[in-house]
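Thanks for making the time, everyone.

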Amino acid sequence: MDKRRIEENVFKGLMVFSTFIVASSLVLILITIFIKGFPALNLDMIIKTPKGGYYLGKEGGVLNAILGSLILGTAATFLALLVSLPLVFYLNLYLKKNSRLALSVRFILDVLWGIPSIVYGAFGFTLMVFFGLRASLLAGIITVALLIIPIMARSIDEVLKMIPFELKEASYALGATKLETSIKVIFRQALPGILTAILIAFGRGIGDAASVLFTASFTDSLPYSLFKPVATLPLSIFFQLGTPFPEVQQRGYASALILTVIILFISILSRILSGKFTKHTIK
Amino acid sequence: MKFKTHISVKNLSVWYGRHQALNNISIDIPDKKITAIIGPSGCGKSTLLKSFNRLVELQDGAKVAGEVLVDGEDIYNPKVEVTHLRKKMGLLSQRPQVLPASIYENVAYGLRIHGIKDKRKLDEVVRHYLKESNLWDEVKDRLHSSASKLSIGQQQRLCLARGLAVEPEVILGDEPTSALDPLSAECIEQRLLELKNQYTIVLVTHILRQARRLADHIIFLYLGNLIEHGPAEEVLKNPRYLKTKSYLEGKFIEEPKIDKELNLRGVIYPDNLIAAKLALGDLQFGQILKIIVDYEQAASELPKAIEHEGHKILEVTKLDKNDGAIIVQKHNGGYVI
């Protein structure tokens, strides 16, 4: 009896320890970014473009990167959604659960999920060369979209898998086609989950540096054309932290703080939004 | 036992992967009556029901062979528009499954997908069928609130209204009251009794009392085989076969122990009767003989004639498309050649 109690306590202790490590490292990251970045953060950072080059520039702000990241992230998410939604509905409503095609597509998506983003960057670069494109917003959007498609598709896929078979059956039994069932029933029921998946993918896309390194490149000017390079926050953090000047490094932390706040804001927004759309969903 | 047939099943077999869920079922479902499918769990009741609106094909690895004729038309014919077929068949499932929408939209959904857009028409139809399923008074003030907030009994009535709104000819109920409280169950049963003048109703149930209360016609399935069917009174009061009797009495259903097997394939009446009588002559009182014959023989005079000799027919089954089996227990019949 005593042995079982010790066992219980030891394992419970381990679980608490793991939870503590995860939670505290998150808090530590936030604190570090805040302490190092906050002093350098000022209004100029948010509303001005860099002065004196992004390597050495101690003046101006990172508005180019903020806007660039938002535009690139949003466009890539939208593009990824256009591909992911049909794919996932095909997997879940048109294919049988254990069909070979569905299983292999899921396997491929899982593999793609695991590929490091720098490889996507390199692949995007090859594509660019093939199509005669130069480093540009468009190339960045396409590469980031490729990067987040597996994430988005698999997340939505898991959401759709959770939907009870009886719900589809109820809709089919009324004479609905698969398309009508997908759009009018399944999509509605899955909407909160789909939103969460979209925002997870967006967060991943907006925060990735390696995939945009070769494809979107960097610039000091605001984004104004699909075919011109665009600045992004992860890359500006990368460049700023890479300088030997403490002031510029501090600006790097400030940029990181801005990026973190954007992602935090989006996470909170996603919570609120998915709460809004659960009005009619079946528990 | 003359009736107008609405759904006619011919040699229907269904497999889930390797497992055969239904074995060569042939049966007629009467028009505008309540037919109850009874039998122990896992005997293929729901499978039979769902083969009427082809929902069965959505199951993983399901394979269907045979014919189901609805209004004389084979629904498994590739030319049949499955959405039209399903529109004809309202389904009440075991647990009510409302759509993720408002009460109003749940009923209007079926109408919308079948092309009714006029708001006034929709309002009217929604009200009519909510009244028809006895839900209107409870929900008329909150038509646009969420259907999932209704109690489970109300949800089942909503599902009934939703099913009726697309104007089906048949109502299929897959144990529609099993998840409900007694009062809601009673309410659904009452509705079904009132609706049977307008619709053909097929009901899967494992509640025998419910079958007694509602059914005009009974189908008894056991392990994918059709054991017995007929007018409710006959089947429930005087079951012809042993398995039906055991099931109705709540006894364990066991396969009869066969003492002798006789193969009379290709032998016609009355030669097969004579062979059967000779074989029975060799047996002791109470021993059991299994006669394998062409199914047309099993389905016609032969069992009756054997019974007339004083023996007890325990079961008449269909083995496959052509063959049938008659299982006879020797009783006191004297035999004369």
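**Two chains, one walk-through**

I begin with chain A, whose domain assignment gives domain 1 (2-40) and domain 2 (43-276), with bounds that come from an automatic or database domain assignment. Before going further, please keep in mind that this is a predicted model, in which local features need pLDDT of at least 70 and side-chain atom pairs count only at pLDDT 80 or more, while totals for chains, interfaces and linings use all residues. Residues are numbered from 1 along each chain as its sequence is written, and chains are lettered from A and ligands numbered from 1 in the order in which they are written.

The C-alpha centres of domain 1 and domain 2 of chain A lie 29 Å apart. Eight residues of domain 1 of chain A are in contact with seven residues of domain 2 of chain A, where contact requires C-beta atoms, placed from the backbone, to lie within 7 Å.

Turning to chain B, we find 13 helices and 14 strands, which are DSSP runs numbered from the N terminus, helices being H or I with at least four residues and strands E with at least two. The C-alpha trace of chain B spans about 75 × 40 × 35 Å along its principal axes, and buried residues make up 44% of its 337 residues; buried here asks for 20 or more other C-beta atoms within 10 Å of the residue's own, with C-beta atoms placed from the backbone.

Let me pick out one residue, Ile37(B), which is found in strand 3 (residues 34-38) of chain B. Why does Ile37(B) count as buried? Ile37(B) counts as buried because it has 31 C-beta neighbours inside 10 Å. Leaving aside neighbours within four places in sequence, its contacts include Leu48(B), Val202(B) and Ile219(B), and the C-alpha atoms of Ile37(B) and Leu48(B) are separated by 8.7 Å.

Finally, chain B has an open sheet of four strands in the order 11-12-14-13, with mixed pairing, two strands being paired if DSSP finds at least two bridges between them. The edge strands, each pairing on one side only, are strand 11 (260-263) and strand 13 (312-318) of chain B. Strand 13 of chain B runs antiparallel to strand 14 (residues 323-329) of chain B, and six bridges join them; in this region, Lys318(B) stands opposite Gly324(B) in strand 14 of chain B.

Note on methods
A residue is buried if 20 or more other C-beta atoms lie within 10 Å of its own, exposed if 12 or fewer, and partly exposed in between; C-beta atoms are placed from the backbone. Two residues are in contact if their C-beta atoms, placed from the backbone, lie within 7 Å.
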